[in-house]
Every structure is written in C-alpha cells, then in structure tokens.
Amino acid sequence: MSDRQPSPERILQLATGAWAASILGAGVTHAIFTHIEAGAITAKAVAERAGIAERGAQCVLDGLVGLGLIEVVDGAYRNTPESAEFLVEGKPTYFGAFAKLQGSDMTRHAVLAEVVATGVPVTTETNDVPDSPFWESLVPAIAPLSVPSALTAAEELGLADAGPVSILDVGGGSGIYSAVWLGMNQQARATQLDWPTVNRVATGFVAQHGVGDRFRTIDGDFHTVEFGTDEYDVGVYSHIAHQEGRDANVAVFRKFLRALKPGGTLVVNDFVVDDDRSGPPFPLIFHSEMLLNTTSGATWRRADFQAWLAEAGFSDIRFVPTPSPATLVLAR
C-alpha cells in the first residue's frame with residue numbers, strides 16, 4: 001500500500017468520540033488519576049483504592065492509555081504530565097469536574113443533525129435562562145478554564161501593582177477572575193453582576209480563596225441592569241459573548257464603556273475564531289454547543305469583536321493569545 005493511501009483512522013476516532021468522553025468521564029468519576037498519583041500502579045491496586053471491579057478498572061485504564069492520558073512504563077501505570085496537572089483531585093488546576101459533566105451529558109448532541117437543519121434548538125429549555133440547574137453544575141466545573149486567561153490579562157494590565165483598582169465582572173460565573181485578581185492585589189475590589197443562583201456559587205468560591213471581604217455581587221440580568229457611570233477601572237466579559245448575538249453584545253459593550261473610568265480597560269475573554277473561520281480547532285468545534293443550547297449564540301470572529309467594540313465606542317482594541325483555547329480582547 002502506498003504511503004499516500006488515505007487511512008480511516010482519524011475518522012474512526014472521531015466517529016467513536018463518545019467512547020473517549022465516556023472513558024474519561026468514568027476515569028474522573030472513580031478518581032483513577034488521583035489514585036495513580038498516590039501510588040496505585042496496577043489495575044488491581046487502582047480497583048482496590050477506587051472500590052471498583054478489577055475488570056472495570058482494567059477497561060478504563062486501557063482506554064485512558066489509548067487516549068494518551070495514562071502511560072505504561074515498565075509494566076506500571078503513571079499519569080502523563082497533562083493528566084497530573086489537570087485531572088488529579090485537590091489541585092487548583094483540576095478540570096475533572098468538567099470532564100465528568102461532559103461524560104454524562106452526551107445525549108444532547110444526539111439531536112445535532114436535527115438542530116442543524118432548523119438552525120434553532122429543538123427544545124425550549126435552553127441554558128440561557130436564569131433558573132437553569134445547568135449553571136450550578138457548570139459554573140464551578142469550568143472555573144479552571146479561565147485561570148490562564150485571568151493570569152495573562154493581569155500581566156497585560158499590570159494589575160498586581162495597580163493599587164486600589166475597582167473591577168466589574170459581568171456574567172462572572174464562579175468569580176474566578178475576582179478570586180485570582182484580588183489575591184494578587186490586596187487593594188483591589190471586585191463587583192460581579194450575574195443571576196442570583198450563579199452569584200451564590202461565586203460568593204462561596206471567592207470566600208474559599210480568602211478574598212471575600214473585597215467582593216460583592218449584584219443580582220440581575222445584565223441585559224437589563226445598568227452598569228453605572230465612570231465607576232470601574234477594569235471590566236470583564238468572559239465566555240459570555242459566545243452565547244449572545246450581535247445586537248446584545250454591542251449593547252453590553254456600550255454599557256461597559258459608560259461604566260469604565262476614563263482610561264479604563266474592558267477585558268473580553270472568549271473562543272475567538274479567525275476571520276476566514278479556518279481555525280483555531282476548539283473554538284470552531286465549540287460552535288455546536290451554542291447552536292444546541294442558545295437561541296442566538298455562536299463562536300465569533302476577530303472581525304466581529306473589532307467591529308462591535310468600535311461601534312460601542314472603544315478605539316484601542318487588541319487581541320492577546322492565552323495558554324488556553326481562549327483569546328483575550330482588550331479594549332479601551
């Protein structure tokens with residue numbers, strides 16, 4: 001067979017992607033990575049520590065090795081560097097809760113072909129509503145995803161040495177930006193505007209980081225609540241633009257411009273795609289989540305953010321890559 005002969009291997013991997021999600025979900029549910037990190041290096045040892053069948057442990061270990069998340073070295077299992085960093089319980093970078101959530105949520109994607117045909121969700125129970133129980137599970141699960149962006153933005157803005165700055169985080173979710181930035185700057189204060197259910201999660205999360213005394217919340221819908229005038233040095237709009245349409249995003253950017261002090265900066269963090277929609281891979285794939293779960297969301301292009309922010313009144317707009325799939329858009 002010619003070396004140039006196409007192989008179905010990648011298509012086979014994609015077609016069985018649900019297998020990968022379920023294997024990873026089972027692995028984090030039974031803390032397989034945590035047990036390996038603690039010294040369980042055989043299927044029997046993992047099974048004993050996890051309290052599961054040895055046959056089941058062997059199956060999941062085989063799958064995780066196949067996915068490249070666990071290695072076999074001299075007959076012993078060990079975590080890969082990325083698994084050790086993101087899938088071991090107790091670490092601040094732990095991302096297993098999100099993997100577990102996705103592993104149990106695969107049935108939603110079964111209707112994607114139908115939704116693609118109509119362009120609208122097949123159910124009226126979308127997640128862009130304040131009382132969706134989805135938020136209580138998702139908000140803390142995705143918090144680690146924003147840490148690289150929060151750290152990158154802090155460095156770009158020099159927040160650690162900025163003194164008594166005031167921060168407005170709209171749609172702040174877990175409060176991760178406030179937790180990270182208030183921890184860096186002992187003089188900073190942060191306000192989060194979000195739905196009551198989400199703010200309750202954020203209040204507890206920020207308090208766990210020891211900075212709750214400088215964090216306050218405003219309960220409400222950011223579409224209708226005003227942000228104030230000349231009150232804040234920094235505004236944050238993280239992973240919200242993708243669930244909104246053009247008009248809603250422009251309206252929010254205008255409110256941010258009014259709320260920021262002269263010279264203040266708006267930090268937008270999102271899965272931004274190239275203008276010709278040729279990449280990056282994860283933001284392109286993430287578009288399907290917005291089609292399934294929102295009425296007007298998508299993953300937006302650099303040109304979209306540039307145009308919308310300019311229309312809202314911002315003039316100094318730049319894009320900053322992060323160590324995550326997200327891109328920062330800084331606007332003044």
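**Reading the loops and helices**

Reply: Let us begin with a loop residue. Gly163 lies in the loop that joins α10 to β3 (166-170). Please keep in mind that this is a predicted model.

Me: Is Gly163 buried or exposed?

Reply: Burial is judged from relative accessibility, with under 20% counting as buried. Gly163 has 12% relative accessibility and therefore counts as buried.

Me: Which residues is Gly163 in contact with, beyond its neighbours in sequence?

Reply: Apart from neighbours within four places in sequence, Gly163 contacts Asn185, Gln187 and Ala188. For Gln187, which is 24 residues away along the chain, the C-alpha atoms of the pair are separated by 5.7 Å.

Me: Which other loop residues can be read in this way?

Reply: Ser146 is one; its place is the loop between α9 (134-142) and α10 (147-157). Its relative accessibility is 8%, so Ser146 counts as buried. Leaving out neighbours within four places in sequence, the contacts of Ser146 are Ile176, Tyr177, Ser238, His239 and Asn269. Ala241 is another, in the loop between β6 (232-238) and α13 (246-259). With 0% relative accessibility, Ala241 also counts as buried.

Me: What does Ala241 touch?

Reply: Not counting residues up to four places away in sequence, Ala241 touches Asn249, Asp270, Trp300 and Phe305. The C-alpha atoms of Ala241 and Val268 are separated by 8.2 Å, and these two residues are 27 residues apart along the chain.

Me: Which residues of α2 are buried?

Reply: They are Gly25, Gly27 and Val28. Viewed down the axis of α2, these buried residues fall within an arc of 160°, so they line one face of the helix. They pack against α3 (32-37), α5 (54-66) and α7 (96-103).

Me: How is the packing of two helices described?

Reply: One gives the angle between their axes and the distance between the axes. For α2 and α5, the angle is about 120° and the axes are 9 Å apart. That makes α2 oblique to α5. The contact involves Ile23, Leu24, Ala26 and Gly27 from α2, together with Val60, Gly63 and Leu64 from α5. The crossing of α2 past α5 is left-handed.

Me: What of the crossing of α10 and α11?

Reply: The crossing of α10 and α11 is right-handed. The axes of α10 and helix α11 (residues 176-184) come within 10 Å and cross at roughly 40°. The two helices are therefore oblique to each other. On the α10 side the residues are Val147, Ser149, Ala150, Leu151, Ala153 and Ala154; they meet Ile176, Tyr177, Val180, Trp181 and Met184 in α11.

Me: Where is Arg277, and what is its phi?

Reply: Arg277 is in the loop between β7 and α14, and its phi is near 55°, a positive value in a residue other than glycine. With 34% relative accessibility, Arg277 counts as partly exposed. Pro280 is also in the loop between β7 (260-270) and α14. The peptide bond from Gly279 to Pro280 is cis, with omega near -5°.

Me: Which residues of α14 are buried?

Reply: In helix α14 (residues 281-293), the buried residues are Pro283, Phe286, Ser288, Glu289, Met290, Leu292 and Asn293. Among the elements that cover them is α8 (112-118).

How values were computed: Residues are numbered from 1 along each chain as its sequence is written. This is a predicted model: local features need pLDDT of at least 70, side-chain atom pairs count only at pLDDT 80 or more; totals for chains, interfaces and linings use all residues. Side-chain values use heavy atoms; hydrogens and water are left out. Buried means under 20% relative accessible area, exposed over 50%, partly exposed in between (1.4 Å probe, protein chains only). Helices (H or I, at least four residues) and strands (E, at least two) are DSSP runs, numbered from the N terminus. The arc is that of the directions from the helix axis to the C-beta atoms. Contact means heavy atoms within 4.5 Å. Axes are lines fitted to C-alpha atoms, for helices over the stretch in contact, and angles run from 0 to 180 degrees between N-to-C directions. Angles under 35 degrees count as roughly parallel, over 145 as roughly antiparallel, 65 to 115 as roughly perpendicular and the rest as oblique. A crossing is left-handed if the near helix is turned anticlockwise from the far one by less than a right angle, and right-handed if clockwise.
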